[in-house]
Amino acid sequence: MKLGALEAGGTKMVCALGDETGKIFEQISIPTLTPEETVPKMIEYFQKAQVDALGIGCFGPIDPDKNSATYGYITSTPKLAWADYNIVGAFEKALGCPVGFDTDVNGSVLGEATFGQAKGKSNVIYITIGTGVGVGVLIEGKLLHGMLHPEAGHVLIRKREDDAYEGRCPYHKTCLEGLAAGPAVEARWGKKAIELKDDQKVWDLEAYYIAQALCGYILTLSPEMIILGGGVMHQEQLFPLIRKYVKEMLNGYIKTEELNNIDSYIVPASLHDDQGIMGCLELGRRALGEGKG
Ligand code: ADP
Ligand code: ZN
């Protein structure tokens, strides 16, 4: 089976070829310009390869509801050239094969749950902390959409008293993304995140905010594993700090095996930053299965 995978991001489009075991044969990256410029290049790539199906994990917001008139669209994105763009329709029409579609972060959680450390688990969340914050949710074995899809990077956060930074989310100021995404860290401290790596107070505050959000996710979704990825999480010193604050904030209220073994409960991504593209392979495989059924 030859599967195509597209991880559609705001700055780059990663296109890959692989199979249903998660093996990636090859991949290319194309800058995200306008649909008119970028989509034909991707179509050419997948057409040449003659893929049996394509899976797309996409920046959002998107419409993932198969019963909606705008299913397969990128909807109200601030990247205006892509707003109200029917990305699934464009590939279906050009390739004539089944196309699977979900958010980029749902793609990542699916990759980890199909091929990675969360294999066999039915309730998993994947949080990316990079330019923005996104959360993919696998619940009872299904990717959660609900009325739209989770936008849990924007949960509201209580600021710590020693933090004078106002927050940078244009909608909420001090949501998780507004306080803890890479650009917020850089605006608060006035340096590139990578240059702050030895500054302990930076990562202590960062962990405090991430932990607050994780407590909310733990209390509402009851995940069996929490995976953290994205550029900011390359600062591995965050993990022990986040675990410590989660324990403090939950304050013993929830008693589970998972929380007793918190080092294997709150964990880094396991697939060498390929979780997203591997999840897209699985989205493609699932679309093919549905097409045949
Ligand atoms: P994107 O979210 O655009 O897909 P990334 O996940 O790489 O991309 O996130 C980029 C953000 O992560 C930037 O704001 C950058 O400051 C931050 N970042 C990237 N690498 C590191 C690192 N090694 N340590 C800390 N922050 C990083
Ligand atoms: Zn926000």
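**Zinc site and sheet**

Me: What does H172 count as: buried, partly exposed or exposed?
Reply: Buried means under 20% relative accessible area, exposed over 50%, partly exposed in between (1.4 Å probe, protein chains only). H172 has 34% relative accessibility, so H172 counts as partly exposed.

Me: What kind of model is this?
Reply: Residues are numbered from 1 along each chain as its sequence is written, chains are lettered from A and ligands numbered from 1 in the order written, and side-chain values use heavy atoms, leaving out hydrogens and water. Local features need pLDDT of at least 70, side-chain atom pairs count only at pLDDT 80 or more, and totals for chains, interfaces and linings use all residues; the model is predicted.

Me: What is the arrangement of donor atoms around the zinc ion (ligand 2)?
Reply: Donors are N, O and S atoms within 2.8 Å of the metal (3.2 Å for Na, K and Ca). Here they are H154 (ND1), C169 (SG), H172 (ND1) and C175 (SG), at 2.0 to 2.4 Å. Four donors count as tetrahedral if all angles lie between 85 and 135 degrees. The 4 donor atoms subtend 103 to 118°, so the arrangement is tetrahedral.

Me: Is C175 buried or exposed?
Reply: C175 is one of the zinc donors. Its relative accessibility is 0%, so C175 counts as buried.

Me: Which residue in β12 is the bridge partner of I226?
Reply: Strand β11 (residues 225–229) runs parallel to β12, joined by 3 bridges. The partner of I226 is I266.

Methods
Tetrahedral: all angles 85-135°; square planar, octahedral: opposite > 155°, others 65-115°. Pairing = 2+ DSSP bridges. Helix = DSSP H or I, 4+ residues; strand = E, 2+ residues; numbered from the N terminus.
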